[in-house]
Amino acid sequence: MLRKQKREWCCKVSTNLLMQKSFENHVDEALLLDCMRCGFCLSSCPTYLHTDQDEAQSPRGRIALMKAVRDGKVEWDSSIEESFNLCLGCRACEPACPAGVQYGALIEQTREAIQDVKPQKRLEKTVRNVTFNHLFAEKKDLNKAVKLVHFYQKSGLQKVTRTIGFLNLFPPFLKEMEKALPDLPKKVEELAPVQTSNVKVAFFTGCLMDSLFKEINEKTVQLLKLLGAEVIIPKEQQCCGALHAHSGELEKGIHNAKINIEAFDSDEFDYIVNNAGGCGAFLSEYENHLKTNPDFSEKANRFSRKMIDISSLLVKLGLLDYLQSHPKSEAAVVATYQDSCHLRNVNKVFEQPREILKNLPNIQYKEMLKADSCCGSAGIYNLLQPKMASEILNTKMKYVKEVNPAIIVTSNPGCLMQMKVGIHKEGLSNQIRAVHIVEIIYEQIK
Amino acid sequence: MEQHIIQLFKNIVGDKNVKHSNAQLLAYSYDATANFQALPDCVVSPRNTEEVSSIVKICNEYKIPIVPRGSGSNLAAGTVPNYGGVVLLFNHMNKLVDFDKENLTITVQPGMITADICQFVEKENLFYPPDPSSMKISTIGGNISENSGGLRGLKYGVTKDYVKGLTAVLPNGEIIQTGGKLAKDVAGYDLTALLVGSEGTLAIITEIILKLIPLPKTKMTGIAYFNSLEASAKTVSSIIANKIIPVTLEFLDRKTIDAVEQFMKIGLSTEVEAMLIFEQDGEPTSVEKDVQEMTRIAEEHGAIFTRIAEDENEAEKLKTARRVALSALSRLKPTTILEDATVPRSEIAKMVKRIDEIANKYNLTIATFGHAGDGNLHPTCLTDVRDKEEIKRVELAMDEIFEAALLLGGTITGEHGVGEMKAPYLEWKVGEAGLTIMKGIKEAFDPNNIMNPGKIFAKETKKRVVLQSVH
């Protein structure tokens, strides 16, 4: 007994020390010291608000914990790990911070530090857990899975899954989202250009958008062509790497970054466009991640500078003027907009999508309360932290219902699916539909 | 803390309202004050006054320190549990209790966010004026414990001027009610006034009656740049001497302006020595008259540029510099130490000069901005806690700044409170007899010293720095 205790004690001490060393290696002390603990971030943090204001679940608390672990001032245990795990990574704390703390970088570094000491590959572990312990544990679930497999094959997802590691996550994800799955892609009608422009746009297609939401990607291309742009889709592009980086696999994320930077490195392109807020933020941060790499710093800077989201690009290409020629309909339906956290908090884009919606002919735009607050999707968060994700979604749906829209518009596939799940959970499928902003624009001007 | 005591707390508030994981203890070990940190033994969230009373009784019986905490935004280490014990949260006690339009009062629980109170009453065309910079996240309970000030202090006063009554739990667990919805009340000692600003050292406040006033109809904002400190200071004195009491009258020194411009690029002139921002509210005609008069006075005293905002949007732009002052400064160095030495407003120019001299003497970067109309300055020292040698110099400089403020008839803290940080200086301001009587009051309330121990009163007073004449 005594020996066992001693062994446990030794193990604890060594985890503690290893964790401290790992934090020293990965977590930038200067970034930690930027936090002056004023607490201005508190009211912006969804997990703080959904835990009855538990400081350990706030950005300020998490930064204090990072620092305490790094300084060896706190003993590593599951409560500390949970605090880091429960962070959505929505980065709503960043615009709220008067001192300019780079929280997104800090939580990425933290997760990398943890992953280094406890390398159970969280992604794989989750997939295994859900796949073996849930999905295949019951026949009923398996039947659903078979249906899903059928969907995979038809949608071409299977092929993508094999080439892109992250999509291994799909079985459990789709299981949860079964009711929210989009229909099989339909043929997208081409739009004739209404103007000419010399703009050349390279399209970053994204893994989710290019598989599950392929139709949206095709509509994206059509809208760009409508406004006279030439669209090129570089073949060598890969998953953006955001999900890896957010899950402590920053190295893998950077690996993908390098592939993408090469794939898009051409003077020809005026813009590199994306239609997924989550990808866009990470893509625009390639330059930060590679600024000390002499081979890539310049290229990464070029890449990130050209990166633009679809709403901003459409506005730049004159979409609003074009919409002026469509008279406003009397019978407009109410639409509301759910911000993509990363598009808003990292790329600071929130006006353009709203401007577009306000100018669509058959839309009456109505802002919902806390549209800028996370929906709980947060990459694969809804899988890893289903309880918190579901509570956050419930709050979101409360605000949706206050506006009572016919349409919820999103800018990111994760948000889109999450909103679909929310609509289904509330039994509102007959009244409300969730769409990507590209879909609603296409639908309204076609 | 022994397990059976934690269990006693759990019996009162339920398991999930007692936090004691490693992460949670660490997360309640600090507030917004740089360089202060200490772990509590547990963190308890009561749901009503009776539960607070039961918790306090246990703490009194076992002599466990108890630290009430709002959002932890205080700047004098007033909510750091430096003797361990219980951190008491008001996350469940954050409701509106009563809104009385006939008596113009609002009754709230201490956990309610200050800005939410303002927003609620303004919808009803009423006004709760105290506006500490942290009001978006600060709790009203915290404001009352610290007697917080804000930008509108010059015309409307500070928190204490709006507290009409309190419900509070004494250290023996008894519940008292002070004041009420009364315009007049002289029944005995004014315990309301005593508890406001007592920093959690006397009792736990559990309900608050606040006074409201009619919401002013309009407001108007102007700015003025000066190329000498004296000119800006004289403008401040002259505005008041001309019997204008603006709602805000804010000051930024050159270092602050430089930092703001570096950070925001809003086209501030970095060639100027000082900037004033003034705002008036009230009836449209008198507001306009006052703002024009203030602009005229500024020009008369040598302002090199003045501007009156044409609308709310422009007013917001003009106020940007003041709003982002602290953030802009904090980005320059890892650690920001913000003080709030306060002098009579007639002494502002001398005080700013003294601060500059002290900064030079100790080779430190100290920028100054603040509420000029209140004489309430925020000398902000930009430093790095890792640089032990520099931190020592910062401490010496702060000693001299306090001393300088006192010599000018001022105080060691205008609105942040004493907390743990300024406890060693309190005697400098209140004197030996003052300190003794304050300690006597503390002992009458809290003989076991369980209420936020180590705050306001230090083990010993700091040695006063050698008196220097003011140049």
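Where in chain B is D374(B) found? D374(B) sits in the loop that links β17 (365-371) to β18 (376-383) of chain B. Helices (H or I, at least four residues) and strands (E, at least two) are DSSP runs, numbered from the N terminus. The model is predicted: local features need pLDDT of at least 70, side-chain atom pairs count only at pLDDT 80 or more, and totals for chains, interfaces and linings use all residues. Residues are numbered from 1 along each chain as its sequence is written, and chains are lettered from A and ligands numbered from 1 in the order in which they are written.

D374(B) counts as buried because 25 C-beta neighbours lie inside 10 Å. A residue is buried if 20 or more other C-beta atoms lie within 10 Å of its own, exposed if 12 or fewer, and partly exposed in between; C-beta atoms are placed from the backbone. Leaving out residues up to four places away in sequence, D374(B) touches G153(B), L154(B), T342(B), R345(B) and G414(B). Contact requires the C-beta atoms of two residues, placed from the backbone, to lie within 7 Å. R345(B) is 29 residues from D374(B) in sequence, with a C-alpha to C-alpha distance of 5.9 Å.

Chain B contains 15 helices and 18 strands. Its radius of gyration is 23 Å, close to the 23 Å that the globule rule gives for 471 residues, so chain B is as compact as a globular protein of that length. The radius is taken over C-alpha atoms, and the rule is 2.2 Å times the number of residues to the power 0.38. The C-alpha trace spans about 70 × 55 × 40 Å along its principal axes. Of the 471 residues, 52% count as buried. Among contacts in chain B with a separation of 6 or more, 74% join residues 24 or more positions apart.

The domain assignment of chain B lists domain 1 (3-89), domain 2 (100-214), domain 3 (218-327) and domain 4 (333-416). Such bounds come from an automatic or database assignment. The C-alpha centres of domains 1 and 4 of chain B lie 32 Å apart. Their contact takes four residues from domain 1 and seven residues from domain 4.

Between chains, 25 residues of chain B are in contact with 27 residues of chain A. On the chain B side, α2 (22-27), α12 (325-330) and β16 (335-338) each supply at least two residues. α2(B) gives the most, with five residues.
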